[in-house]
Amino acid sequence: MITKRIIPCLDIRGGRIVKGVQFGNIKDAGNPAERAKLYEDQGADEIVILDISATDEERRACFSTISAVRAVLSIPLTVGGGVRTVDDARALLQEGADKVAVNTAAVRNPELISLLAEQFGSQCAILALDARSSGLMPSGYEVVVSSGKEPTGIDATTWARRAGELGIGEIVLTSFDRDGTGAGYDIPLLQAISTSVSVPVIASGGAGNVDDMVQAFEAGADAVLAASIFHYNRSTVTEVKAALAAHGLLMRP
């Protein structure tokens with residue numbers, strides 16, 4: 001049996017962790033390096049850093065933040081935000097990222113996925129797929145970009161399959177509707193994507209408690225991403241892993 005992963009997510013703006021609801025109403029949530037180290041000590045399997053303003057500001061993710069986190073971290077680190085070219089990805093990998101996540105730029109130029117996979121390997125190329133419910137889409141979900149501000153008219157399952165064909169190694173699937181709400185992951189969205197692709201899917205957006213994570217794993221998630229539940233000390237990674245293990249899920253120590 002493959003172990004399930006618990007991945008704290010650090011949304012970064014101006015060198016600080018921030019958290020909001022549906023990508024808005026942003027509030028400060030701490031120091032990235034301090035929090036990353038804390039989560040590793042608690043047993044986190046990986047850390048994801050998303051520089052949420054990099055794309056809008058047309059810049060790369062903040063290197064100083066990545067370097068500071070990498071200096072205290074030994075577990076895998078995924079970094080996203082502002083990745084538009086192979087050179088952008090290379091710079092993040094050189095700065096200490098193990099994987100690079102692409103979102104808006106990949107939707108606008110899908111061949112970027114192929115270039116990243118060819119240059120660095122599929123294991124380094126991660127798709128950050130943000131989706132919202134839409135009755136106009138065959139799957140019921142539409143891809144959104146630019147921090148959720150821009151609808152694309154692209155069906156979420158169609159885009160996930162296309163990304164898999166182009167060589168993406170993993171998908172971080174975020175529900176725009178559930179982000180920051182604590183109402184639980186969007187299970188129908190998760191099922192739609194996880195049954196459409198062969199690559200691992202990481203559930204993101206809406207985690208409020210352990211039961212939400214159990215449901216995500218049962219729906220096909222290979223890992224769960226969470227932020228508020230950890231940033232605001234509602235639960236520790238250690239407590240979450242123990243509770244999930246009690247539900248019969250295999251956790252890494």
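**Salt bridges and burial in a predicted model**

Q: At 8% relative accessibility, does Glu142 count as buried or exposed?
A: In this predicted model, Glu142 has a relative accessibility of 8%. The cut-off for burial is under 20%. Glu142 therefore counts as buried.

Q: Which side chain meets Glu142 in a salt bridge?
A: The N to O distance of the pair is 3.5 Å. The bridge joins strand S8, which holds Glu142, to a partner in strand S7, ten residues away.

Q: Which residues are linked with Arg5 and Glu170 in a network of salt bridges?
A: The structure holds twelve salt bridges. Some of them form a network that contains both Arg5 and Glu170.

Q: Where does Asp98 lie?
A: Asp98 forms a salt bridge with Arg70, the closest N and O atoms being 2.8 Å apart. Arg70 is in helix H2 (residues 63-72), 28 residues from Asp98. Asp98 is partly exposed, at 35% relative accessibility. It lies in the loop between helix H3 (86-95) and strand S6 (99-102).

Q: Why is helix H7 (residues 187-194) largely enclosed by the rest of the structure?
A: The buried residues of H7 are Ile187, Leu189, Leu190, Ala192, Ile193 and Ser194. Their cover includes strands S7, S8, S10 and S11, along with helices H6 and H8. H7 is largely enclosed because the buried share of its eight residues is six.

Q: Which residue caps the N-terminal end of H7?
A: The cap is made by a side-chain oxygen. That oxygen lies 3.1 Å from the backbone nitrogen of Leu189. The capping residue is Asp186.

Q: How far apart in space are Glu34 and Val72, C-alpha to C-alpha?
A: Glu34 is found in helix H1 (residues 32-42). Glu34 is exposed, with a relative accessible area of 58%. In sequence, Glu34 and Val72 are 38 residues apart. In space, their separation is 8.4 Å.

Technical notes. Residues are numbered from 1 along each chain as its sequence is written. This is a predicted model: local features need pLDDT of at least 70, side-chain atom pairs count only at pLDDT 80 or more; totals for chains, interfaces and linings use all residues. Side-chain values use heavy atoms; hydrogens and water are left out. Helices (H or I, at least four residues) and strands (E, at least two) are DSSP runs, numbered from the N terminus. Buried means under 20% relative accessible area, exposed over 50%, partly exposed in between (1.4 Å probe, protein chains only). Contact means heavy atoms within 4.5 Å. A polar contact is a pair of N or O atoms within 3.5 Å; within protein, one must be able to donate a hydrogen and the other to accept it, and residues adjacent in sequence count only if both atoms are side-chain atoms. A salt bridge is a side-chain nitrogen of Lys or Arg within 4 Å of a carboxyl oxygen of Asp or Glu.
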